[in-house]
Amino acid sequence: YLKALAAGGKPVAKENLRPEPPETGAFCLIRDGKLLRGYPNLPEAVEAARDGDVVELRADRLEAGLNRSELKEGKRLTLRAAPGYRGELRQPLWLSPEDDWTLEGLHLREYHLYRGRLVNCFGDITPGRHQMTWTRLGGRVELKRCLFPALELKALQDGTLTIEDSAIGKLGVDGAKGRKLIVKAERSLLGNRGVYTFVNYT
């Protein structure tokens with residue numbers, strides 16, 4: 001994550017690594033570059049956030065998750081790990097079909113993202129428990145500089161997955177009949193990908 005930030009022109013000075021979380025919680029709400037406060041859990045931080053805000057995780061491993069799947073209104077947010085932290089979410093992250101989020105620098109076990117971006121993210125696998133990282137696809141999802149040992153797509157609607165500068169060990173697609181999916185890959189490695197009649201690889 002730190003190397004990727006530096007390569008993208010955003011190097012982090014050593015003294016700015018692993019910033020301390022506020023006493024109120026490790027889920028830090030940042031607006032216009034300023035820390036507003038920390039929250040004890042992810043749902044509270046997201047509830048307080050406005051479009052364009054950042055929720056920054058200042059912890060290595062968190063027994064945290066979120067379920068927004070039933071909401072009809074979405075938010076445009078960034079959920080990221082603070083530089084120097086692992087930022088591992090050990091519970092599922094379910095977003096609303098109307099959410100448009102950027103996930104950055106996170107270690108993910110399971111996420112359901114209909115549209116949005118993943119940047120500098122890693123998909124964890126625990127043998128016998130989490131065999132794949134899952135995403136629901138119902139629009140446009142972008143992966144940039146990500147590493148996933150295995151990635152499974154759940155196609156709910158026609159959609160496009162764009163993969164740039166990333167590596168995926170195994171790509172699987174669970175698509176409903178009649179759906180059309182486009183997978184666009186640039187400067188990326190897709191290993192052991194399935195052959196599906198409803199998927200167009202470019």
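This is a guided tour of the structure above, stop by stop, with something to select at each one.

**Before you start**

What you have open is a predicted model, so local features need pLDDT of at least 70, side-chain atom pairs count only at pLDDT 80 or more, and totals for chains, interfaces and linings use all residues. Residues are numbered from 1 along each chain as its sequence is written, and side-chain values use heavy atoms, with hydrogens and water left out.

**Stop 1: the whole protein**

Start with a cartoon view of everything.

How many of the 202 residues count as buried? The share is 49%. Buried means under 20% relative accessible area, exposed means over 50%, and partly exposed is in between (1.4 Å probe, protein chains only). One more number for the overall fold: among contacts (heavy atoms within 4.5 Å) between residues at least 6 apart in sequence, 43% join residues at least 24 apart.

**Stop 2: the core**

Select L79, L103, L118, L143 and F148. In the largest nonpolar core, which has 42 residues, these five touch the most other members. A nonpolar core is a set of buried Ala, Val, Leu, Ile, Met, Phe, Trp, Tyr and Cys residues joined through side-chain atoms within 4.5 Å. Zoom in on L79. Leaving aside neighbours within four places in sequence, its contacts include V55, L57, L89, W101 and L103.

**Stop 3: salt bridges**

Side chains of opposite charge can pair when their charged atoms come close. A salt bridge here is a side-chain nitrogen of Lys or Arg within 4 Å of a carboxyl oxygen of Asp or Glu, and a search of the whole structure turns up 11 of them.

Select R31 and D53: their closest N and O atoms are 2.8 Å apart. This pair links distant parts of the chain, with R31 in strand β1 (residues 27-31) and D53 in the loop between α2 (42-48) and β3 (54-57), 22 residues apart. Both partners are buried.

Next, pick R58 and E56, which meet in a salt bridge at 2.9 Å, N to O. R58 counts as buried because its relative accessibility is 12%, and E56 is buried too, at 5%.

For a bridge with several members, select R61, R86, E88 and R90, which are linked in a network of salt bridges.

**Stop 4**

Move to R187, in the loop between β21 (181-186) and β22 (189-190). Is R187 buried or exposed? It counts as exposed because its relative accessibility is 57%. Its side chain forms a salt bridge with E186 (3.6 Å, N to O), and E186 is partly exposed at 41%. Check the backbone as well: R187 has a positive phi of about 50° although it is not a glycine.

D165 also has a positive phi, near 50°, and is a residue other than glycine. Look for D165 in the loop between β18 (159-164) and β19 (167-168); at 35% relative accessibility, D165 counts as partly exposed.

**Stop 5: the loop between β5 and β6**

Select L71, which is in the loop between β5 (66-67) and β6 (76-81). L71 is partly exposed, at 41%. Apart from neighbours within four places in sequence, L71 is in contact with S96 and P97. L71 and P97 are 26 residues apart in sequence, yet 8.0 Å apart in space, C-alpha to C-alpha.

R68 is found in the loop between β5 and β6 as well. This residue is buried, with a relative accessible area of 7%. Among the residues that R68 touches, not counting those up to four places away in sequence, are V46, E73, W94, D99 and W101.

**Stop 6: the largest pocket**

Finish by selecting Y1, L5, K10, R80 and E104. Of the 16 residues lining the largest pocket, these lie nearest its centre. The elements that give two or more residues to its lining are α1 (2-7) and β6. About 340 Å³ of space lies inside this pocket.

How is a pocket found? On a 1 Å grid over the protein atoms alone, a pocket is an open set of points where a 1.4 Å probe fits, with protein on both sides within 12 Å along at least five of seven lines; lining residues have an atom within 4 Å of a point. Grid points are joined across faces, edges and corners, and the volume is the space filled by probe spheres set on the points.

Note on methods. Helices (H or I, at least four residues) and strands (E, at least two) are DSSP runs, numbered from the N terminus.
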